[in-house]
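Please look at the sequence and the structure before reading on.

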Amino acid sequence: MSTRSPSLTLVQGDITEQAVDAVVNAANSSLLGGGGVDGAIHRRGGPEILADCRDLRASRYGRGLPTGQAVATTAGRLPARWVIHTVGPVFARNEDRSELLASCYRESLRVADELGARTVAFPAISTGIYGWPMDDGARIAVETVRATDTAVEEVRFVLFDAEAYEAFANRVG
Ligand code: ADP
């Protein structure tokens, strides 16, 4: 069986400005907003996204969205059709949580496939407030997306600063 693999592109910039089918949010399990990417997405996307998140909490995720899982909402006013919210693991020195971080990328692509999304923008999940070292976060992101069978045609990694861009560029080659 042949594995379909998306092309990988890198952009230094703001994920809320990406015109793609789906934008991935580095959310927290409450789904009710936070800082970093999450704050930017809700600010730029407007209140419709939060309204969808509240509905999801009421219907399916009363205890919060578990780490490593993903779920879609509207993208509100963002130039995208959907936001896919995923909860990255908090980095821990005494425990290997790599599989949970890989799961965020895999599950987001699975949800993208369910939606029929062909272009998906990812931030560097867990590398901000959640403290994951950028080089390792980039390695896991690139390896996992390359190993995932998906109908998504383009995965765009949107990196906020030059250091993050370099880390991803080193992995994409
Ligand atoms: P987490 O809680 O998963 O660590 P953060 O949102 O704090 O999520 O950070 C994830 C990564 O996204 C960090 O590398 C951060 O610098 C970057 N980032 C923050 N804001 C934006 C944005 N608007 N667009 C793209 N990347 C962003």
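The model is predicted, so local features need pLDDT of at least 70 and side-chain atom pairs count only at pLDDT 80 or more, while totals for chains, interfaces and linings use all residues. Residues are numbered from 1 along each chain as its sequence is written.

**Helix H5**

Helix H5 spans residues 162–172, and Ala164, Tyr165, Ala167 and Phe168 are its buried residues. Because these four cover an arc of only 160° around the axis, they lie on the same side of H5; the arc is that of the directions from the helix axis to the C-beta atoms. An α-helix has 3.6 residues a turn, so residues three or four places apart point the same way. The elements below are included in what covers the buried residues of H5.

| Element | Residues |
|---|---|
| Strand S1 | 7–12 |
| Helix H4 | 134–146 |
| Strand S6 | 154–159 |

**The whole chain**

The chain has five helices and six strands, where helices (H or I, at least four residues) and strands (E, at least two) are DSSP runs numbered from the N terminus. Their pattern along the sequence is β-β-α-α-β-β-α-β-α-β-α. The radius of gyration is 15 Å, close to the 16 Å of the globule rule for 173 residues, so the chain is as compact as a globular protein of that length. This radius is taken over C-alpha atoms, and the rule is 2.2 Å times the number of residues to the power 0.38. Buried residues make up 44% of the 173 residues.

**The nonpolar core**

The largest nonpolar core has 51 residues, of which Ala22, Val23, Ile84, Val120, Phe122 and Ala141 touch the most other members. Such a core is a set of buried Ala, Val, Leu, Ile, Met, Phe, Trp, Tyr and Cys residues joined through C-beta atoms within 7 Å.

**The ligand**

The ligand is surrounded by 21 residues, the closest being Ala26, Gly36, Val37, Gly128 and Tyr130; a residue is near a molecule if its C-beta atom, placed from the backbone, lies within 6 Å of it. Helix H1 (residues 36–45) gives the most to this shell, with four residues.

Terms used
A residue is buried if 20 or more other C-beta atoms lie within 10 Å of its own, exposed if 12 or fewer, and partly exposed in between; C-beta atoms are placed from the backbone. Two residues are in contact if their C-beta atoms, placed from the backbone, lie within 7 Å.
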